Amino acid sequence: VVFGKALREPLIALFCIIAVPWYVLMEQANPGYLDYFLVEQHLANVVGEVGTAVARHPEPAYYFVGVLILGLFPWSLVLPQSFSCLLKHREARGPAMDSYLAAVVLATLLICSLAASKLASYILPLFPAAAILVGRYWDRLLSGPAGVRKASQVLAFGGVAVGLLLTVLFFATPILYPVSRVPERFHWLF
């Protein structure tokens with residue numbers, strides 16, 4: 001921790017030495033670039049179009065949950081158990097790595113879900129953290145007594161949980177995501 005604090009200011013300075021000249025040169029070569037890049041492409045994707053409440057890529061609030069489940073599949077079946085195990089064994093979990101990984105996953109999911117515009121690629125940075133969290137959970141699970149039997153029970157429970165979640169989302173979608181916004185080729189689903 002001391003080593004990290006000692007390097008914080010030099011690393012921030014190094015980042016600024018590398019990044020700031022690039023942004024200055026881009027603005028000089030393309031007047032209005034910073035406004036377009038920072039305001040229109042970033043701020044507008046979080047709060048909607050500048051000056052309006054219109055999102056460029058509107059999706060329901062639970063959109064990224066589905067992206068996470070499908071993107072991490074089949075390991076998404078045990079992601080809830082990974083979080084549950086983390087909460088149950090708070091005092092005995094050893095290093096804070098699991099807490100950090102869980103915070104990365106949850107913070108990214110929450111922040112991106114609150115944004116007005118949503119694209120699946122927005123949550124790509126959380127997949128490595130989720131995969132490592134699940135891997136650490138499986139390692140603990142399989143190294144314990146009766147690990148294989150317990151692992152099969154966890155996988156079965158995870159499958160049922162994901163199935164129930166997808167069922168709820170399927171039936172909640174018409175309420176949360178009106179048919180008028182669904183492309184016509186998918187109207188048969190509703």
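This is a predicted model: local features need pLDDT of at least 70, side-chain atom pairs count only at pLDDT 80 or more; totals for chains, interfaces and linings use all residues.
Let me begin with G158, which touches L77 and Q81 when residues up to four places away in sequence are not counted, a contact being defined as heavy atoms within 4.5 Å. Residues are numbered from 1 along each chain as its sequence is written, and side-chain values use heavy atoms, with hydrogens and water left out.

G158 lies in helix α7, residues 147–176, where helices are DSSP runs of H or I with at least four residues and strands are runs of E with at least two, numbered from the N terminus. With a relative accessible area of 0%, G158 is buried; buried means under 20% relative accessible area, exposed means over 50%, and partly exposed is in between, using a 1.4 Å probe and protein chains only. The C-alpha atoms of G158 and S76 are separated by 7.9 Å, although these residues are 82 apart along the chain.

As for the chain as a whole, there are seven helices and zero strands, and buried residues make up 28% of its 190 residues. Among contacts between residues at least 6 apart in sequence, 66% join residues at least 24 apart.

Now to α5, which covers residues 97–114 and includes T108. Is T108 buried or exposed? It counts as buried, because its relative accessibility is 18%, and, leaving aside residues up to four places away in sequence, T108 touches A103, I123 and L126.

The buried residues of α5 are D98, L101, A102, V105, T108, L109, C112 and S113. They cover an arc of only 135° around the axis, and therefore lie on the same side of α5, the arc being that of the directions from the helix axis to the C-beta atoms. As background, an α-helix has 3.6 residues a turn, so residues three or four places apart point the same way. On the other side of α5, Y100, L110, I111 and L114 are exposed, while what covers the buried residues includes α3 (63–72), α4 (79–88) and α6 (126–143).

The length of α5 can be checked as well: at 1.5 Å a residue its 18 residues should span 26 Å, and the end C-alpha atoms are 26 Å apart, which agrees; the expected span is 1.5 Å times one less than the number of residues.

Finally, the surface: the chain exposes about 12,500 Å², of which carbon and sulfur atoms supply 73%, with areas computed by the Shrake-Rupley method and a 1.4 Å probe, only the protein chains shown counting as cover for residues. L14, in helix α1, residues 2–29, is partly exposed at a relative accessible area of 45%.
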